[in-house]
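Please open the model in your viewer and have the selection panel ready.

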Number of protein chains: 4
Amino acid sequence: MIYFNCDYNEGAHEKVMERLFATNMEQTEGYGTDPYCKKASELIREKCAAPTAAVHFLVGGTQTNATVIAAALRPHQGVLAAHTAHINVHETGAVEASGHKVLTLPAKGGKITAEQIDRFVQAHVSDDAFEHIVQPGMVYLSHPTELGTTYSLEELEEISKVCRKDGLFLFVDGARLGYALAASDNEVGMEDLARLCDVFYIGGTKVGALFGEAVVITNPLLQKDFRYIIKQRGGMLAKGRLLGVQFLALLEDDLYLEIAGHADGLAEMIREAFTRKGIPFLVESHTNQVFPILEDSMLERLAQKYSYSYQERVDAGHSAVRFCTSWATKRENVEQLCQDIERL
Amino acid sequence: MIYFNCDYNEGAHEKVMERLFATNMEQTEGYGTDPYCKKASELIREKCAAPTAAVHFLVGGTQTNATVIAAALRPHQGVLAAHTAHINVHETGAVEASGHKVLTLPAKGGKITAEQIDRFVQAHVSDDAFEHIVQPGMVYLSHPTELGTTYSLEELEEISKVCRKDGLFLFVDGARLGYALAASDNEVGMEDLARLCDVFYIGGTKVGALFGEAVVITNPLLQKDFRYIIKQRGGMLAKGRLLGVQFLALLEDDLYLEIAGHADGLAEMIREAFTRKGIPFLVESHTNQVFPILEDSMLERLAQKYSYSYQERVDAGHSAVRFCTSWATKRENVEQLCQDIERL
Amino acid sequence: MIYFNCDYNEGAHEKVMERLFATNMEQTEGYGTDPYCKKASELIREKCAAPTAAVHFLVGGTQTNATVIAAALRPHQGVLAAHTAHINVHETGAVEASGHKVLTLPAKGGKITAEQIDRFVQAHVSDDAFEHIVQPGMVYLSHPTELGTTYSLEELEEISKVCRKDGLFLFVDGARLGYALAASDNEVGMEDLARLCDVFYIGGTKVGALFGEAVVITNPLLQKDFRYIIKQRGGMLAKGRLLGVQFLALLEDDLYLEIAGHADGLAEMIREAFTRKGIPFLVESHTNQVFPILEDSMLERLAQKYSYSYQERVDAGHSAVRFCTSWATKRENVEQLCQDIERL
Amino acid sequence: MIYFNCDYNEGAHEKVMERLFATNMEQTEGYGTDPYCKKASELIREKCAAPTAAVHFLVGGTQTNATVIAAALRPHQGVLAAHTAHINVHETGAVEASGHKVLTLPAKGGKITAEQIDRFVQAHVSDDAFEHIVQPGMVYLSHPTELGTTYSLEELEEISKVCRKDGLFLFVDGARLGYALAASDNEVGMEDLARLCDVFYIGGTKVGALFGEAVVITNPLLQKDFRYIIKQRGGMLAKGRLLGVQFLALLEDDLYLEIAGHADGLAEMIREAFTRKGIPFLVESHTNQVFPILEDSMLERLAQKYSYSYQERVDAGHSAVRFCTSWATKRENVEQLCQDIERL
């Protein structure tokens, strides 16, 4: 079985592993106060052109989302997100468990717009019973989205503008950020995210690390006491340096971009193979996830050799599925898949 | 200004007030352990033909909803409800504040169906990533609904059956229960609710009391330690007997039904006045809320004399609004309104 | 049986009842936006000499405590309180249910000191692992305390000073405030509380109302969006005017002080009766609660005629108990009790 | 600087690292559903003689404690623990953040007794106002405790008996379990824990792993839906096999016991060195933590070369501190420390 079902089937990139090995028996302070975390934070601030940003390292995405949101909102506030957002559908209600409602907006291709956000806020403040309704306090985007799509720089600029006008924090989930940064049509750099968001993160788990997400907080209001909240929510790794070491390995020499580009390139090969067969896609995207709409019989045939993930039924005879590449995907496996697509 | 905007503009029915006055200087134990609460509980058990039901008295609806739901669910569970449900849209996220997601189903006329519930549960249990998704643990209905509609006995029987099959608690919010019980097309008695639900409540606040909701818990699993949770959530009234006294006044001699019938009858008069003018309704219903769809100019004219509540814009020139009667509505005010409708 | 077990055995003072009766059939807006609540708020601002204070009316004490604390704290913060504080021992963990730890200080006679607070904060900030420990964010006092004692003006001034220095909100629970204001040794007026605290409340439930607590928020940081949080926590009474009406009745013509003084005077009579018999007290106080330390045999004899509440075992043969008077206590009942004490 | 301040200064034991390296590029399912987790679970069930136990792998201790407690308790319940317990003092209120009060018992040497637990429960159920007080629902112990002490088999048997009698879950935090199992005076095996507790965990983070705690749930009530709650609380590692791989490396060939024994032996050397100098200890223990009570001048001298952690001031001139060994501690460093102690 060849796995294209997700982007966390393997361990870590060998350079990451080597670095963990090399530093293994060093003695350092715990909880992210070690020199590796400091150095990695410094490097991230540089790459983001955000010299006053606070950088924190957490273990996983659900943990990071719930921690950031809990740290930012007052009890009566909720977080605006696409109805397809990971926090709305795939985190077992972690946001609600911290007391906050996810306020959903209907999303096209996983994306929401500045206009939708503004309209929602205006409807809230002009409602007679506004105090009986959850107050929007933050906007959550993912970039790339759950459907592999990305925001253009203009879209992000507009969303940021609306958030500042309406008094909302802007939070970008970058669990797969590398795959956006390396996409052929990418317009948004880390420094743009740092400039336009209040907080975002650089995902490691899905892009070459064993685990780890680097949270970049540019808004001083959100910086205050953030480590208390990481600890309270169980996200403060005792041997925190493991996170610093990994992000150093990923970000020095731009390994992060290089390996994400590898994945995006292989995804493009798969996309082209489907296109050549006239197979349509659920959504247009250029990151590491491919969402073809296939006949059930085709899916059965592919399933004998490949693991993909099921997305949704499109009509009686067709379903959309997901093929996912990653930093670890082997070119020969993709070539084989492309040949098998050809033969469908 | 004549108020038809809601059903809690006045104090309490005079018989309720008299009873409060008559018992005012008696000394009793606090927190609902007094003889009035005991007697009112006994009376409710009789009316529900539910000799083993536990009865508790709370002050208001949002408090009751949040308390019942928090008492029933484990942390990873959510509550299924109509997207228009009060808990979803008008309680400032009280359910989420207790850690639970409201899982919404698209509702027609405020109602959801057994089939929708079952389909949701089946989709959950058959999802590969089911543990990453909030587990449905309870169904919340309101009867009458936010739109004044009611469930037929058959609909409720089916929902109850599905809930038992799928392992969900069934909870009916009866904040306006009296107006359903007294409706011309009513099929569902208190004993049906007691038989079909795990927990429901008999609303006092909107039907003749100063305040108060009587929660009837028939499922022994939900009975356990419920008073702890009332106390924890701030719902245990020190002078609890005020609730017992009021419910005794309402339920003895069926005052509750009588005054609800008064309100339903007046609502019907309003409905007929609109119908005679060929004005359509957002939804068909026979309880104390009327939802005509009116031209903006008509709304402006009515607004000079009457307070109604805004529901939703229907098209460029029309909006649905709500006219609400109650146990306290004066017939002459309704007659005047009907004449003014006639003249529109 | 004559009840001295608590101060909420009866309904409301007759002037309160009359006012509720007189306004019963008026139509007003709901949720505390009516003219009575506005007028009562205005009156309270005057009495507190706090023209910019926000005033909100809630139903009960546990609800009020939990709402104020939840509104004020960030997730990693806790509330400092006497180990005997109501929020620590008698609210079924309502504060913890909103996510916050009660940080207890050993209390003498129910009171804590400025020095204790400051020492706690200094220990926190100088701990190496401070981020692994709940951060104190608020101080909760009750005045009078659970043991009927009161803070002197100097004590309160010092506590206020320390709170401002250390960045803590100061919150005073005044569930029995009237009994402190009317005490023979009282030094602290409402305007002092308004000046020294960030938020406090004027208790109605135990001092003449059917129910109700008037929250006075002087700190603008705590004023923001407070009504959302009342609603979310189920504390927003639909017929909110019931609260405004009652507080108007209590505060106009200083009925509140008058009836509290009645209770304090009767408590003093009981205190003197015990003193004449050489019976010691658990604590010295001059409000409506009396805590004699009695032989078990004496307690048994008194229990045949009087209901009191048990406080704690003092030694093998003695226990401290509580005799409580209230606005409703009848002088003849106290006289009878004093005679029976005499005969012990 | 030589670090004796904690037991998580280094990475992982080399055999653990080798295993991670060897399996790094394998493709497996995520979230702990891989063959390594299955095999490690099986091995743990064998070692615990608990064939029906559920085994789950989490990343860290605070996360594990909060997850287990949140999964077990109803909203009105709290967890009984030593006042020195990690959950009470060093987890930034993670338990309270999930809504539950930590109910503390005064602890001697970090330990609580069956009698204390039973007395607390009896006091609760016999209190008139029991519903106004948090209900004890679980007992939390750590073994070894925060002070390195351990429970005897008899003590644990008695606690278990009381918990079953009183309807409390028994949960043992084994973050340092290896150091107890390898202690010279150990009486309690894994199979005893499995037999006597409802849930406990085998700590990896402090005993040879990069990170990881293996939770063993023997009570079927606690097994139900536990993975949902891990996910909700951000504890479900995407590459879950990293945990399975590590625990396999630790538990096969009893590496876990061997390396814990190494640490305990070195701690004993330190203990003896202090004893030879007539230096007393805060507590008697035989695990990897040593708590000498030293003069301030001695502490200053040692601090020039060694990192230890501060425990508490004992009197004007003395403080208790902690010297901690681990699986990674080098014998030559301990020998050097012993010589320096000799010279004090």
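A word to carry along first: a residue is called buried if 20 or more other C-beta atoms lie within 10 Å of its own, exposed if 12 or fewer, and partly exposed in between, with C-beta atoms placed from the backbone. This is a predicted model, in which local features need pLDDT of at least 70 and side-chain atom pairs count only at pLDDT 80 or more, while totals for chains, interfaces and linings use all residues. Residues are numbered from 1 along each chain as its sequence is written, and chains are lettered from A and ligands numbered from 1 in the order in which they are written.

**Stop one: chain A**

Select chain A and colour it by secondary structure. You will find 15 helices and 13 strands; helices (H or I, at least four residues) and strands (E, at least two) are DSSP runs, numbered from the N terminus. The radius of gyration of chain A is 20 Å, close to the 20 Å that the globule rule gives for 344 residues, so chain A is as compact as a globular protein of that length. That radius is taken over C-alpha atoms, and the rule is 2.2 Å times the number of residues to the power 0.38. Along the principal axes, the C-alpha trace of chain A spans about 60 × 55 × 35 Å. Of its 344 residues, 61% count as buried.

**Stop two: strand S8 of chain D**

Now select residues 213–217 of chain D, which form strand S8. Are its faces covered or open? Both are covered: D:Glu213, D:Val215 and D:Ile217 on one side, and D:Ala214 and D:Val216 on the other, are all buried. In a regular strand the side chains alternate between the two faces of the sheet.

Strands count as paired if DSSP finds at least two bridges between them. Next show S7(D), residues 199–203, also antiparallel to S8(D) and also joined by five bridges.

**Stop three: where chain B meets chain D**

Show chains B and D together. Here 15 residues of chain B are in contact with 15 residues of chain D, contact meaning C-beta atoms, placed from the backbone, within 7 Å. On the chain B side, H11(B) gives the most, with five residues.

Note on methods:
Two residues are in contact if their C-beta atoms, placed from the backbone, lie within 7 Å.
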